[in-house]
Amino acid sequence: MNVGDEASTSFWMQESPVIDAPPLTSDAECDVVIIGSGIAGLSTAYELARFGRSVIVIDRGGIGHGMTARTTAHLATELDDLYSELIKVRGEDEARLYHDSQVSAVNRIEAICRDEGIDADFARLDGYLFAAEPEHKEWLEEEYDACQRIGVDVEWVERAPVPGIDTGRALRFPRQGRFHPTRYLKGLARAILDRGGRIHANTIHVSDTETEDGVEITTEAGPVIRARAAVFCTNSPTNDKVAIHTKQVPDRTYVIAGRVPKGSVPDALVWDTYEAYHYVRIQPLGASEDLLIVGGADHRSGEEYDQEQRLDDLERWTRERYSSFSGAEYRWSGQVLEPDDFMPFSGRNPGQKNIYIHTGDSGQGITNGVAGSLTIMPLIIGEDSRYAPVLDPGRKSASTTSLGEFIRGQAGAVKNFAEYVAPGDVKSEDELRPGEGALIRHGLKQVATFRNEDGTIIRRSAVCTHMGCLVHWNDFEKCWDCPCHGSQFAPDGQVLNGPAVKPLAEAED
């Protein structure tokens with residue numbers, strides 16, 4: 001398992017890391033250092049390089065090999081949490097501005113593909129939202145009315161293009177999009193290098209310090225980057241302990257993909273209205289085949305243990321609706337951060353002058369990541385930032401609805417700390433099969449215990465090094481998940497994903 005890797009492999013990962021990049025081996029200086037090489041990080045670096053700023057991008061793993069490579073790459077301007085709900089929380093003016101940020105993001109991707117000659121299979125297409133249950137039809141009515149009030153282009157159609165069922169009336173959103181995310185990141189990386197930027201893989205940020213004239217980023221191997229500003233685009237921010245992490249919760253989402261005959265599945269984005277909603281698209285493969293990609297079955301990270309069953313359920317759901325789907329060739333998962341008011345956090349980190357963050361993408365990581373770059377770049381170069389007020393990381397929740405979501409989300413952290421005194425998952429290491437992990441109680445402590453394929457045992461403290469929650473074993477991705485704030489650790493305790501920056505400690509005898 002390489003740095004930054006979970007066990008599953010997405011279809012997009014056939015073309016990632018998107019470039020071969022060396023680790024940083026000596027101190028460096030630049031105008032802006034960007035931590036994270038997914039859609040938000042490389043988009044931000046690209047926009048700044050276009051404006052003549054010197055940029056350095058670092059990533060703890062391979063370039064473009066993180067959560068962006070685990071997406072389904074819907075380029076949707078419709079909000080997955082629904083604009084009717086966003087209006088209740090933030091009001092019509094902010095909902096209108098947020099929608100504009102999503103339209104700008106899709107437009108920007110289209111323009112960059114054209115201007116930089118990036119062949120990423122970008123296409124405009126329609127998106128369809130249909131009621132998963134009869135009682136959900138009124139939600140569509142509410143969403144249509146909300147979209148009309150804030151200027152979203154939407155219309156009623158008799159049904160969504162799902163071949164196997166009659167969906168009933170659905171909402172159609174024109175001028176949505178889809179693309180190949182890792183091919184797009186490859187093009188962005190090339191454009192950044194062509195403009196004099198630097199990109200370094202396998203370079204782990206361990207600390208950051210604001211100075212009088214900028215920021216110092218210290219890496220695990222020792223080199224220090226001195227810059228006028230730093231931007232953290234690490235899915236969950238690795239530079240912060242509390243400020244943002246109490247405003248969002250980590251969810252795990254699942255994806256299957258398999259071949260279908262060309263033209264048997266309409267080229268459209270499709271979503272239903274379940275809370276853990278299904279989302280569907282195709283990816284062209286050639287003259288005779290497409291790849292049908294279906295996601296859903298979300299749950300709070302680290303709190304469920306039926307990952308394979310969820311993937312089986314996704315496959316069954318797909319077969320019932322798409323008869324040309326013969327089976328899943330790819331099965332993977334990813335992690336999304338759900339903000340407490342349905343919008344991402346993009347801008348200055350609360351309480352800091354020269355450190356910026358982007359996080360809280362929910363289910364719209366691609367468009368939110370690009371919108372984040374369009375928000376942060378103007379702030380850094382000293383220009384007006386149209387979306388900064390609405391996406392400000394320092395904003396407070398605006399309604400009791402949002403507060404309720406926050407309380408429900410943070411209840412998981414409270415429950416987790418109660419596990420300090422609970423029994424382990426199993427009583428003995430003898431119960432672990434090769435390739436399996438579990439928490440085992442040793443006196444007053446929980447020990448994250450993993451049995452290698454060769455039978456040897458790895459024991460690590462089960463205490464997450466970010467904020468002290470207990471990690472749980474993810475049998476599908478073969479890693480330790482923290483349910484509180486989303487950190488992930490390899491079986492040997494090494495950090496796979498932040499916000500943690502330090503590995504799990506050795507278990508004490």
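**Note on a predicted structure: salt bridges, strand pairing and backbone geometry**

1. At 27% relative accessibility, Glu110 counts as partly exposed (buried means under 20% relative accessible area, exposed over 50%, partly exposed in between, with a 1.4 Å probe and protein chains only). The model is predicted, so local features need pLDDT of at least 70 and side-chain atom pairs count only at pLDDT 80 or more, while totals for chains, interfaces and linings use all residues. Residues are numbered from 1 along each chain as its sequence is written, and side-chain values use heavy atoms, without hydrogens and water.

2. Glu110 has a salt-bridge partner in Arg124, with a distance of 2.8 Å from N to O (a salt bridge is a side-chain nitrogen of Lys or Arg within 4 Å of a carboxyl oxygen of Asp or Glu). This pair links distant parts of the chain, 14 residues apart: Arg124 belongs to strand β4 and Glu110 to helix α3 (helices, H or I of at least four residues, and strands, E of at least two, are DSSP runs numbered from the N terminus). Arg124 is likewise classed as partly exposed, because its relative accessibility is 24%.

3. Arg331 and Asp312 also meet through their side chains in a salt bridge, at 3.1 Å from N to O. Arg331 is in strand β15 (residues 330-339) and Asp312 in helix α6 (residues 307-321), so this pair ties together parts that lie 19 residues apart in sequence. A relative accessible area of 21% makes Arg331 partly exposed, and Asp312, at 36%, is also partly exposed. Through salt bridges that share partners, Glu308, Asp312, Glu315, Arg319 and Arg331 are joined into one network.

4. A further salt bridge is formed by Arg90 with Glu94, where the closest N and O atoms are 3.0 Å apart. Arg90 counts as buried because its relative accessibility is 14%, whereas Glu94, with a relative accessible area of 24%, is partly exposed. The salt-bridge count for the model comes to 39.

5. Which strands does a hairpin of two residues join? The hairpin runs from β8 to β9. These strands, β8 (residues 205-211) and β9 (residues 214-219), are antiparallel and are joined by six bridges (two strands pair if DSSP finds at least two bridges between them). Within this arrangement, Ser207 stands opposite Thr218 in β9.

6. An open sheet is formed by four strands in the order β21-β22-β23-β24, with antiparallel pairing. Its edge strands are β21 (472-474) and β24 (495-497), each of which pairs on one side only. Strand β23 (residues 488-489) runs antiparallel to β24 and is joined to it by two bridges. Phe489 is placed opposite Val495 in β24.

7. The bond from Ser16 to Pro17 is cis, with omega near 0°, and Pro17 lies in the segment before β1 (28-35). Gly498 and Pro499 are also joined by a cis peptide bond, with omega about 20°; Pro499 lies in the segment after β24.

8. Which positive phi values are found in residues other than glycine? Asp121 has a phi near 55° and lies in the loop between α3 (92-116) and β4 (123-130). Ala297, which is not a glycine, has a phi of about 60° and is located in strand β14 (residues 289-300). Ala297 counts as buried because its relative accessibility is 15%. For context, most residues other than glycine have a negative phi, and most peptide bonds are trans.

9. Is Ala438 buried or exposed? With a relative accessible area of 4%, Ala438 is buried; its place is in strand β18 (residues 436-442). The C-alpha atoms of Ala438 and Gly38 are separated by 31 Å, and these residues are 400 residues apart along the chain.

10. A last point concerns Glu142. This residue is found in helix α4 (residues 137-150). Glu142 counts as partly exposed, because its relative accessibility is 35%.
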